[in-house]
Amino acid sequence: MMTKTIKISKSTHDALSQLASKKDTFNDVITRLIDYYKENEEFFDEESEFYNKEIENFENGNLTNVSEITIKKLDERITLLEQKIKHDL
C-alpha cells in the first residue's frame with residue numbers, strides 16, 4: 001500500500017486518537033469516518049438536484065408536486081421518524 005504524509009493540528013490528532021482503539025491506526029480511524037460520512041450523508045448529488053429543483057418550482061408557483069397534509073398527519077409522520085431515529089441509534 002502506498003502511503004502519504006498529511007499535516008494535521010494537534011487538536012485533530014487528539015480527536016482521532018480518542019476515536020481509535022488500541023489496535024487502530026489513524027488510517028483505520030479516517031477510513032471508518034469516511035465510510036460513516038458516505039453512509040449517513042443527508043443527500044447525494046442527484047437527490048440534492050431533485051430537491052433544489054422542487055424548491056425552485058414551488059417558489060415559482062408551480063404546485064404540481066405539492067399536496068396538502070393535516071397537522072395530525074404531519075405529527076404522525078414526525079413521531080414515526082423519531083421512533084426510527086431512536087431505533088437506528
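Asn57 lies in helix 3, where helices are DSSP runs of H or I with at least four residues, numbered from the N terminus. The model is a predicted one, in which local features need pLDDT of at least 70 and side-chain atom pairs count only at pLDDT 80 or more, while totals for chains, interfaces and linings use all residues. Residues are numbered from 1 along each chain as its sequence is written, and side-chain values use heavy atoms, with hydrogens and water left out.

With a relative accessible area of 18%, Asn57 is buried, a class that means under 20%, with exposed over 50% and partly exposed in between, for a 1.4 Å probe and protein chains only. Between the C-alpha atoms of Asn57 and Lys73, which are 16 residues apart along the chain, the separation is 24 Å. Helix 3 itself covers residues 45–59, and its 15 residues should span 21 Å at 1.5 Å a residue, which agrees with the 21 Å between its end C-alpha atoms; the expected span is 1.5 Å times one less than the number of residues. Just after helix 3, Gly61 has a positive phi of about 85°.

The structure also holds one aromatic pair. The ring centres of Phe50 and Tyr51 are 5.2 Å apart and the ring planes stand at 75°, so this pair is edge-to-face; rings of Phe, Tyr and Trp (its six-membered ring) pair if their centres lie within 6.5 Å, and planes under 30 degrees apart count as stacked, over 60 as edge-to-face and the rest as tilted. Phe50 is partly exposed at 46% relative accessibility, and Tyr51 is partly exposed at 41%.

The C-alpha atoms of Leu19 and Tyr36, 17 residues apart along the chain, are separated by 13 Å. In the loop between helix 1 (10–19) and helix 2 (26–40) sits Asp24, whose side chain reaches the backbone nitrogen of Ser21 at 2.9 Å. The side chains of Asp24 and Arg32 are joined by a polar contact of 3.1 Å, that is, a pair of N or O atoms within 3.5 Å in which, within protein, one must be able to donate a hydrogen and the other to accept it, and residues adjacent in sequence count only if both atoms are side-chain atoms.

Key. Helix = DSSP H or I, 4+ residues; strand = E, 2+ residues; numbered from the N terminus.
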